[in-house]
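Hi,

Here is the structure I promised to pass on to you. Have a look at it first, and then read on for my notes.

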Amino acid sequence: MDDRAVISSDSHIVEPPELFIDRMDPKYNDRIPHLVHEDPYDFWYVDNQKLGVLGSFGASAGMRFDRPQDIIREGRMKDILPGGYNPHARIQDMDLDGVYADVLYPSIGLELYGIEDKQILRDIFAAYNDWLSDYCSSYPNRLKGIAMILLDDEIHAGIKDLYKAAEGGFVGAMISVFPSPQHFYDQPMYEPFWQVAQELDMTLSLHVSTNRPSPVKSPTTSGVSQSGANRVNAEYWVRMSLCHLVLSGVFERFPDLRVIEVEHDLAWLPFFFNRLDITYKERTTQTPYRYKGGFLPSDFMRRNVFHSFQEDDLGIRDRDIIGVENLLWGSDYPHAESTFPKSQEILDRILCDVPDEERALIVGGNASKLYKFT
């Protein structure tokens with residue numbers, strides 16, 4: 001692979017209507033995720049919940065550049081870009097957009113982390129992982145999948161799923177960006193999972209919009225959709241999870257564990273680094289875990305945590321604080337906010353003052369190393 005090749009560290013498939021019906025035990029009946037054709041839109045029904053997400057998840061790609069006022073959350077499957085569910089069409093779109101390889105996340109699957117029933121959710125994730133493995137197999141050097149993993153308090157089940165993901169060729173695994181209530185990531189019960197992820201060399205992803213259910217409900221505009229305020233402050237949840245991981249010493253105990261936070265952009269990170277270090281130094285009663293060797297929280301952020309972003313000019317300006325080798329660009333294809341089909345134009349703009357060697361790392365080199373592209 002050319003060292004200058006562009007790799008999207010955050011792209012998405014769009015789940016086809018038959019995915020779960022074909023691959024899940026029929027005992028679940030109508031609880032299986034399925035698409036219902038209504039007038040005028042199609043809706044996913046999952047475990048008796050209605051989720052209207054097709055428009056922004058694949059029917060509006062590119063619209064932000066000339067018709068942003070027409071972007072809506074609802075949509076119809078017939079309007080979805082074929083590359084969302086057809087790997088051959090995806091490769092054509094990647095070539096059009098100047099992208100050599102994609103690291104793949106789900107679409108409706110992101111919001112499925114909000115399903116409370118753990119048994120059906122684990123089976124949903126298994127069906128998705130099997131389908132995504134098949135999808136990537138058509139172009140194994142250009143399409144790499146991220147498996148969906150459910151933890152909660154069933155850590156051994158999560159470990160079993162992580163082993164299966166590694167055996168299936170996945171390059172990473174996604175856990176909820178913020179776990180179930182009282183199951184924060186600083187708890188000792190997760191230690192075996194961190195250990196296995198380290199041993200398997202599997203990067204763990206914290207992707208936006210994958211919170212587990214909580215009694216504290218965020219205000220919404222309709223259904224499960226985010227309000228403007230929720231979207232503006234989307235990085236709140238990943239900040240909390242990263243604090244739990246860093247301040248509890250997880251990365252000191254597991255020095256080769258890698259975590260990537262996805263689709264939260266970058267500009268908040270320098271302030272976050274500073275607050276971590278100040279709190280660690282000045283509020284020792286609130287940060288009782290003490291690192292060996294004089295390390296600070298920001299040292300672990302730069303060593304163990306990576307960041308996938310789209311077009312954050314301010315974050316690029318502060319790349320030396322965050323760590324150039326920790327930054328991975330992503331197109332978010334085919335979602336409404338994706339850079340497709342103008343990814344090269346956008347990269348030229350936001351990286352116009354970045355030296356060539358740093359640009360090569362950000363647009364593909366770091367992703368190639370993290371996810372072992374060849």
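Below are some notes on a sheet, the aromatic rings and the charges beside them.

Please keep in mind that this is a predicted model.

Strand 2 and strand 3 (residues 42–46) run antiparallel and are joined by four bridges. If you want a place to look, His 37 has Asp 42 in strand 3 as its bridge partner.

Now the rings. The count comes to 16 aromatic pairs. One of them is Tyr 185 with Trp 194, an edge-to-face pair at 5.8 Å centre to centre, with 75 degrees between the planes. Both of these residues, Tyr 185 and Trp 194, are buried. Trp 268 and Phe 272 also make an edge-to-face pair, with 5.5 Å between centres and 65 degrees between the planes. Trp 268 is buried at a relative accessible area of 12%, and Phe 272 is buried as well, at 6%.

There is a cluster too: ring pairs link Tyr 280, Tyr 289, Tyr 291, Phe 295 and Phe 300. Over the ring of Tyr 280 sits the charged end of Arg 290, 3.7 Å from the ring centre. Likewise, Lys 144 has its charged end over the ring of Phe 373, 5.6 Å from the centre.

Best wishes

Methods. Residues are numbered from 1 along each chain as its sequence is written. This is a predicted model: local features need pLDDT of at least 70, side-chain atom pairs count only at pLDDT 80 or more; totals for chains, interfaces and linings use all residues. Side-chain values use heavy atoms; hydrogens and water are left out. Two strands pair if DSSP finds at least two bridges between them. Helices (H or I, at least four residues) and strands (E, at least two) are DSSP runs, numbered from the N terminus. Rings of Phe, Tyr and Trp (its six-membered ring) pair if their centres lie within 6.5 Å; planes under 30 degrees apart count as stacked, over 60 as edge-to-face and the rest as tilted. Buried means under 20% relative accessible area, exposed over 50%, partly exposed in between (1.4 Å probe, protein chains only). A charge sits over a ring if NZ of Lys or CZ of Arg is within 6 Å of the ring centre and within 35 degrees of the ring normal.
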